[in-house]
Amino acid sequence: MRYRASMLAVALTSLAWTSIAAAQPKHPTAEDVAADIRRIGAETVIRRLDETRQLDWIYDQMAEGRAEWIALAPKLEPGTALAAAPAEDLGIALAAGLAKNPQAVLRALSPEGWTISARRVCSVPFTELEAPADFAAYKRRATAALLSVKDPSLAATRDQCLAELRESQWRGG
């Protein structure tokens with residue numbers, strides 16, 4: 001009898017974990033998001049992604065330097081115009097991804113507007129850097145990453161980004 005009770009407990013635990021896993025939202029692919037933007041527009045896509053908490057996940061992918069997500073930034077940017085938090089977070093995600101995949105971030109930067117401009121993204125827009133040492137460490141990593149970019153088509157954007165990075169100042173508290 002004890003064996004059957006143990007097996008029942010194992011089966012119920014397994015079923016519970018399966019239900020929890022099934023309840024986790026399926027993350028979209030970058031291709032899915034791009035297709036949705038073409039079909040229904042960036043503003044609607046941003047709103048839907050934000051409502052389902054998928055937008056934070058996408059920004060995390062950008063911050064990790066994943067090129068396919070970073071490449072979506074110019075397509076997503078128009079959808080952030082009416083919402084301050086998504087716009088702010090988009091620029092911060094790109095800034096975080098700068099040290100990990102500078103080529104992809106430089107390609108995504110826009111000379112127009114503010115949200116994903118070199119002036120914004122390369123000026124260390126983070127509020128979560130807790131100490132001047134964190135700020136200095138980020139600047140060192142981002143500078144080294146940018147200096148590794150040798151693609152002539154990105155040289156002007158790289159140089160603008162480096163200038164913004166060098167001028168940035170610790171704004172923490």
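Predicted model: local features only at pLDDT ≥ 70, side-chain atom pairs only at ≥ 80, totals over all residues.
D36 and R39 sit 3 residues apart in helix 2 (residues 30–40), so about one helical turn separates them. Their side chains meet in a salt bridge, with an N to O distance of 2.8 Å.

**Overall fold**

- The protein has 11 helices and 0 strands.
- Along the sequence, the pattern reads α-α-α-α-α-α-α-α-α-α-α.
- Of the contacts between residues at least 6 apart in sequence, 70% join residues at least 24 apart.

**Surface and burial**

- Of the 173 residues in the protein, 41% are buried.
- The accessible surface is about 10200 Å², and carbon and sulfur atoms account for 56% of that area.

**Helix 3 and what follows**

- Helix 3 covers residues 42–51, and its buried residues include A42, T44, V45, I46 and L49.
- After helix 3 comes R53, which has a positive phi, near 65°.

- D36 is partly exposed, at 28% relative accessibility.
- R39, its partner in the salt bridge, is exposed, with a relative accessibility of 59%.

**Salt bridge between two loops: K100 and E64**

- K100 and E64 form a salt bridge in which the closest N and O atoms are 3.7 Å apart.
- K100 belongs to the loop between helix 7 (84–98) and helix 8 (102–108), while E64 belongs to the loop between helix 4 (54–63) and helix 5 (67–70), so the pair ties together parts that are 36 residues apart in sequence.
- E64 counts as partly exposed, at 45% relative accessibility.

**Salt bridge between two helices: R120 and E88**

- The side chains of R120 and E88 also meet in a salt bridge, at 3.2 Å from N to O.
- This pair links distant parts of the chain, with R120 in helix 9 (residues 118–121) and E88 in helix 7, 32 residues apart.
- R120 is buried, because its relative accessible area of 6% falls under the 20% cut-off.
- E88 is partly exposed, at 35% relative accessibility.

- Side chains of opposite charge can pair when their charged atoms come close.

How values were computed
Residues numbered from 1 in each chain as written. Heavy atoms only, no water. Helix = DSSP H or I, 4+ residues; strand = E, 2+ residues; numbered from the N terminus. Buried < 20%, exposed > 50% of the residue type's maximum accessible area, 1.4 Å probe, protein only. Contact = heavy atoms within 4.5 Å. Areas by Shrake-Rupley, 256 points an atom, 1.4 Å probe, with all protein chains shown as cover. Salt bridge = Lys/Arg side-chain N within 4 Å of Asp/Glu carboxyl O.
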